[in-house]
Structure formats: structure tokens, C-alpha cells
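Hi everyone, thanks for coming. Let's take a look at this one together and talk through some of its side chains.

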Amino acid sequence: MSTTVMATSSNYWEDLRKQARQLENELDLKLVSFSKLCTSYRSSYSSGHDQQARDSRSESFGPFQDNMLVSMTSEVEQLLTKLSVFNDKMAEYTNSPGALSHNAALMHTLQRHRDILQDYTHEFHKTKSNFLSLREREDLLGSVHRDIESYKSSTVVNNRRTELFMKEHEHLRNSNSLIDNAISIAMATKENITFQRGMLKSIQTRVTTLANRFPAINGLIQKINLRKRRDSLILGGVIGICTILLLLYTFH
């Protein structure tokens with residue numbers, strides 16, 4: 001009966017060790033994959049020398065990689081928890097009455113499994129911490145870069161607006177100068193026409209006086225007056241058309 005109990009206890013211990021080693025092998029593979037995934041994220045981040053490359057990488061690869069990281073993190077944590085449970089079961093077994101005769105060897109084996117669990121836990125938390133630090137750094141740099149680009153864009157827009165306002169102001173100033181010149185020319189033309197009109201009136205008065213004295217030339221004077229009026233109308237029309245064209249060119 002005692003031999004049967006010892007055999008049963010030995011089988012229980014071996015079963016615990018077998019399951020613990022299986023979990024350790026699974027953890028080793030998962031941690032290697034987890035480390036490679038974090039390393040690939042770091043490599044893709046480092047290869048993006050500018051923000052545009054990082055944004056392109058983030059849009060095409062980031063979401064899929066983030067989902068993989070979350071899934072793998074959960075799997076590793078579950079395996080660590082299971083391995084810890086089996087270590088606790090092995091610790092309970094070493095304190096059982098049937099294991100006292102082999103306690104030293106069992107404690108040595110248990111300590112080895114505990115060291116493996118501690119190493120895996122430390123490696124997992126270190127890799128995870130490095131990844132989170134890198135991720136925070138990338139998010140911070142991305143935020144700063146976006147702020148800088150936003151400031152540059154607003155500055156370019158403001159400079160463009162200022163340049164347009166300055167051009168419009170220069171155009172208006174040139175238009176005012178052309179209008180002033182046109183008005184000056186019109187005033188000078190008006191004064192010249194007024195002066196010529198006075199002279200013509202004086203001549204007309206003298207001619208009328210002569211016509212009254214010499215009726216024979218009265219018909220000739222009337223023809224001269226008709227031609228003069230026609231010339232005045234033509235001259236006035238030409239001046240008006242020139243003034244209108246000048247104003248249209250100025251405001252175009």
C-alpha cells in the first residue's frame with residue numbers, strides 16, 4: 001500500500017513537472033515571437049527618418065501590428081499565470097508527507113522552475129516596458145511634428161494673405177496715381193479749351209462787326225461758324241472718348 005502511494009505521488013510530481021516544462025517551452029517560443037514583434041516595430045520606427053514615412057508606416061502596418069501585440073501580450077500573461085500555478089502546486093507537493101524523503105532533490109527542481117519563471121517574467125516585462133517607452137516617444141514626436149506642421153501651414157497662409165493685401169494696396173495706389181494724372185490732363189485740357197474759346201469769341205465778335213459793316217461776307221462768316229461748331233463737337237467727342245478709355249484702363 002505504501003509503495004502504491006509513493007508511486008502515485010511520484011507520478012503526480014512527474015505530471016506537474018511535465019506540464020511545467022511544456023508551459024516553459026510555450027513561453028520561450030511566445031517570448032521570442034513577442035521580442036521579434038517589438039523589434040520589428042522598433043526597426044520600422046527607426047527606418048522612418050521623417051514624419052511622412054512614419055505616418056505611412058503607421059497607416060499601413062501599425063493597426064495590424066498593434067492588434068498582434070495586444071493578443072500576444074495577453075497570451076504571454078496567461079502562460080505566466082499558469083506556470084506560476086503549477087509552481088505553487090509543486091511547492092505544495094514538496095511539503096506533503098510522501099515527499100519528505102526526497103525533499104532536497106524536489107526543492108532543487110522546484111527552485112529551478114521558479115528561476116525559469118522569474119527569468120521569463122523579467123524578460124517579458126522588460127520587453128513590454130521598452131516597447132511602451134518607444135511607443136510613447138513616437139506618439140510624442142508625432143504630436144510635436146503635427147503641431148509644427150500646423151504652425152508652418154498657418155504661417156504660410158498668413159504670409160500669402162499679407163502678400164495679396166500688399167499687392168492689392170500697390171495696385172490701388174497705382175490706380176490713384178493714374179486717376180490723378182488723368183484728372184490733371186483733363187483740367188489742363190479744359191483750361192486750354194476755355195482759353196481758345198475766349199479767343200474764338202473775341203475773333204467772332206470782331207468778324208461779326210466786320211460782317212455787319214460788309215454784308216457780302218456775312219454768308220462766309222456763317223459757313224465758318226458752322227465749321228467751327230463741327231470742329232468743336234469733333235474735338236469734344238475725341239477728348240471724351242480718350243478720357244473714358246483712360247478710366248477703363250485704370251480700373252481694369
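Let me start with a quick one: is Glu-77 buried, partly exposed or exposed? Glu-77 is partly exposed, with a relative accessible area of 34%. Buried here means under 20% relative accessible area, exposed means over 50%, and partly exposed is in between, with a 1.4 Å probe and protein chains only.

Before going on, this is a predicted model, where local features need pLDDT of at least 70, side-chain atom pairs count only at pLDDT 80 or more, and totals for chains, interfaces and linings use all residues. Residues are numbered from 1 along each chain as its sequence is written, and side-chain values use heavy atoms, leaving out hydrogens and water.

Okay, back to Glu-77. Its partner in a salt bridge is Lys-128, with the closest N and O atoms 3.4 Å apart. Glu-77 sits in helix H3 and Lys-128 in helix H4, so this pair ties together parts 51 residues apart in sequence. By helices I mean DSSP runs of H or I with at least four residues, numbered from the N terminus. A salt bridge, by the way, is a side-chain nitrogen of Lys or Arg within 4 Å of a carboxyl oxygen of Asp or Glu. There are 5 of them in the structure. Another one joins Glu-75 and Lys-30, at 2.5 Å from N to O. That pair links helix H3 to helix H1, 45 residues apart.

Now the rings. We have 3 aromatic pairs, meaning rings of Phe, Tyr and Trp (its six-membered ring) with centres within 6.5 Å; planes under 30 degrees apart are stacked, over 60 edge-to-face, and the rest tilted. Tyr-12 and Tyr-93 are a tilted pair, 5.9 Å centre to centre with 55° between the planes. Tyr-12 is in H1 (residues 2-47) and Tyr-93 in H3 (residues 62-94). Tyr-93 is buried at 10%. Trp-13 stacks with Tyr-93, at 5.3 Å and 25°.

Last stop, the core. A nonpolar core is a set of buried Ala, Val, Leu, Ile, Met, Phe, Trp, Tyr and Cys residues joined through side-chain atoms within 4.5 Å. The largest has 26 residues, and Leu-27, Val-76 and Leu-80 have the most contacts inside it. H1, H3 and helix H4 (103-213) each give two or more residues, with H3 giving the most, 10 residues.
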